[in-house]
Amino acid sequence: MAHLEKQGHEVTDIGPHVYDADDDYPAFCVETALRVVADEGSRGIVVGGSGNGEQIAANKVPGARAGLAWSVETAKLCREHNHAQLIGVGARMHTAEEAVEIVEAFLATEVSPEERHARRVQQLLDYERTGTPPALPEA
Ligand SMILES: O=C(CO)[C@H](O)[C@H](O)COP(=O)(O)O
């Protein structure tokens, strides 16, 4: 957090503020995603053992797009192609230095201007809003 603040980011720590190996991640991840969706332009990082359950929890919030970022490249791609506002990072999967690189890559990347990515994101937003699945292409 201090590292990101030093870089000029305004950081909110949703917690947990005390380490408890037995606590449950959904509340933290859902709260993070709710705040990110409500604050356009903000980004969220959900951290856990693998980052997987954490990004699944964040993705339950309507409008949230959370990707599992397990490398610098996947961190960049989930922003560029998937317009992710959040990433899940696996605390047990990386060194602290690697995790910082992954988070920095995500924060430094903007969405791709290529139309096909926006089109796909829109299809998911429409599905979320209407419940009607995107049409399968004709065989
Ligand atoms: O989604 C996950 C793994 O895929 C979580 O990170 C994991 O289940 C957390 O486990 P623990 O309570 O052992 O830290």
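The axes of helix α4 (residues 72–80) and helix α5 (residues 96–108) come within 8 Å and cross at roughly 25°. Axes here are lines fitted to C-alpha atoms, for helices over the stretch in contact, and angles run from 0 to 180 degrees between N-to-C directions. That angle makes α4 roughly parallel to α5. Angles under 35 degrees count as roughly parallel, over 145 as roughly antiparallel, 65 to 115 as roughly perpendicular and the rest as oblique.

This is a predicted model: local features need pLDDT of at least 70, side-chain atom pairs count only at pLDDT 80 or more, and totals for chains, interfaces and linings use all residues. Residues are numbered from 1 along each chain as its sequence is written, and side-chain values use heavy atoms, with hydrogens and water left out. Helices (H or I, at least four residues) and strands (E, at least two) are DSSP runs, numbered from the N terminus.

**Helix pairs**

The crossing of α4 and α5 is right-handed. A crossing is left-handed if the near helix is turned anticlockwise from the far one by less than a right angle, and right-handed if clockwise. On the α4 side, the contact (heavy atoms within 4.5 Å) is made by Val72, Ala75, Lys76, Cys78 and Arg79. Glu101, Ile102, Ala105 and Phe106 supply the α5 side. By class, this contact has 6 nonpolar, no polar and 3 charged residues. Ala, Val, Leu, Ile, Met, Phe, Trp, Tyr, Cys and Pro count as nonpolar, Asp, Glu, Lys and Arg as charged, and the others, Gly among them, as polar.

The axes of α2 and α3 also come within 8 Å, crossing at roughly 50°. That makes α2 oblique to α3. The crossing is right-handed. Pro26, Cys29, Val30 and Ala33 of α2 meet Glu54, Ala57 and Ala58 of α3. This contact divides into 6 nonpolar, no polar and 1 charged residue.

**Helix α3 and its cover**

In α3 (residues 52–59), Gly53, Glu54, Gln55, Ala57 and Ala58 are buried. Buried means under 20% relative accessible area, exposed over 50%, partly exposed in between (1.4 Å probe, protein chains only). The cover over these residues includes helix α2 (26–38) and the strands β1 (44–48), β2 (66–68) and β3 (86–90).

**Selected buried residues**

| Residue | Relative accessible area |
|---|---|
| Val121 | 8% |
| Cys29 | 3% |
| Cys78 | 5% |
| Thr32 | 12% |

Val121 sits in helix α6 (residues 115–130). Leaving out residues up to four places away in sequence, Val121 touches Arg65, His81, Asn82 and His83. Arg65 lies 56 residues from Val121 in sequence, and the C-alpha atoms are 9.2 Å apart.

Thr32 belongs to helix α2. With residues up to four places away in sequence not counted, Thr32 touches Ile14, Gly44, Val46 and Leu86.

**Cysteines**

How many disulfides does the structure hold? The number is 0. A disulfide is a pair of cysteine sulfur atoms within 2.5 Å. The sulfur of Cys29 is 15 Å from the closest cysteine sulfur, in Cys78, and so too far for a bond. Cys29 is buried and takes part in the contact of α2 with α3. Cys78 is buried and takes part in the contact of α4 with α5.
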